[in-house]
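Hi,

Here is the structure I promised to pass on to you.

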Amino acid sequence: MLSFKLGPGMGKKGRQNSRHMSLRLIQPSGTLVKIEGGPMTLERTFAIVKPNAIKNGHVGEIISAIEREGFTIHGLRMAHLNKELIKGFYIEHVQKKFYPELEEFMLEGPVLLMVIEGENVIARWREIMGVTDPAKAAPGTLRRKFGDDLTRNAVHGSDAPATAEREVHYFFSAFDLV
Ligand code: RTP
Ligand code: MG
């Protein structure tokens with residue numbers, strides 16, 4: 001069964017705008033199905049603050065970047081991942097040459113798992129992160145500021161709607177999502 005939430009629509013940069021009303025259709029799994037009535041497309045994406053950014057004390061700055069954009073946080077949890085969870089999460093990369101190094105890095109310490117929502121958040125969060133290699137990421141992006149190298153690049157973000165859907169539910173149950 002779907003639940004319905006009637007609320008203010010989203011204005012520029014995803015901030016709430018009381019001039020637009022929107023109807024949000026949410027599945028019991030916590031998936032946002034559809035927005036009616038608002039001028040924008042709301043999405044959810046899955047983000048990780050990776051072990052080096054936690055260790056170096058950048059959680060606050062990364063959450064500030066999320067809030068500054070007008071995105072909202074709907075799931076939030078610390079976890080220390082194990083090999084099996086990392087393998088399942090990065091299933092598309094398991095056969096690649098860089099995978100052992102990636103796995104070792106993700107095992108290093110706790111990570112922060114997040115579900116964030118906003119207008120076009122999937123693409124915009126990847127813009128805020130910057131490209132995969134911190135050395136090539138634009139100045140001001142999170143990977144440029146907090147990444148150490150191609151592997152230790154501080155943050156993760158889903159790359160497409162289907163990936164976001166899979167990744168959100170890989171780590172969060174409906175009960176964990178608001
Ligand atoms: P992510 O999935 O973490 O958001 O990063 P991405 O889409 O920008 O990059 P992707 O190609 O999906 O790679 C996943 C993660 O693997 C590590 N990596 N290492 N040493 C290497 O050649 C290499 N390439 C990728 C990075 O941690 C990257 O974020
Ligand atoms: Mg990726």
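α4 (99-107) and β7 (155-157) each contribute at least two residues to the shell around ligand 1. Helices (H or I, at least four residues) and strands (E, at least two) are DSSP runs, numbered from the N terminus. The residues around the ligand are His93, Phe98, Glu101, Leu102, Thr132, Leu150, Thr151, Asn153, His156, Gly157 and Asp159; a residue belongs there if its C-beta atom, placed from the backbone, lies within 6 Å of the molecule. By type, this shell has 3 nonpolar, 6 polar and 2 charged residues. Here Ala, Val, Leu, Ile, Met, Phe, Trp, Tyr, Cys and Pro count as nonpolar, Asp, Glu, Lys and Arg as charged, and the others, Gly among them, as polar.

Before you go further, please note that this is a predicted model: local features need pLDDT of at least 70, side-chain atom pairs count only at pLDDT 80 or more, and totals for chains, interfaces and linings use all residues. Residues are numbered from 1 along each chain as its sequence is written, while chains are lettered from A and ligands numbered from 1 in the order in which they are written.

Now to the fold. The protein has 7 helices and 7 strands, which run β-β-β-β-α-α-β-α-α-β-α-α-β-α from the N terminus.

What about the interior? The largest nonpolar core has 27 residues, of which Ala47, Ile116, Leu142 and Val155 touch the most other members. Such a core is a set of buried Ala, Val, Leu, Ile, Met, Phe, Trp, Tyr and Cys residues joined through C-beta atoms within 7 Å. β6 (111-119) is among the elements that supply at least two residues, and β6 gives the most, with 5.

α5 (121-129) has the buried residues Val121, Arg124, Trp125, Arg126, Ile128 and Met129, and these pack against β4, α2 (59-68), β6, α6 and β7. After α5 comes Gly130, with a positive phi near 90°.

Leaving aside neighbours within four places in sequence, Leu112 is in contact (C-beta atoms, placed from the backbone, within 7 Å) with Ile48, Val49, Ile54, Val59 and Met78.

Enjoy exploring!

Conventions
A residue is buried if 20 or more other C-beta atoms lie within 10 Å of its own, exposed if 12 or fewer, and partly exposed in between; C-beta atoms are placed from the backbone. Two residues are in contact if their C-beta atoms, placed from the backbone, lie within 7 Å.
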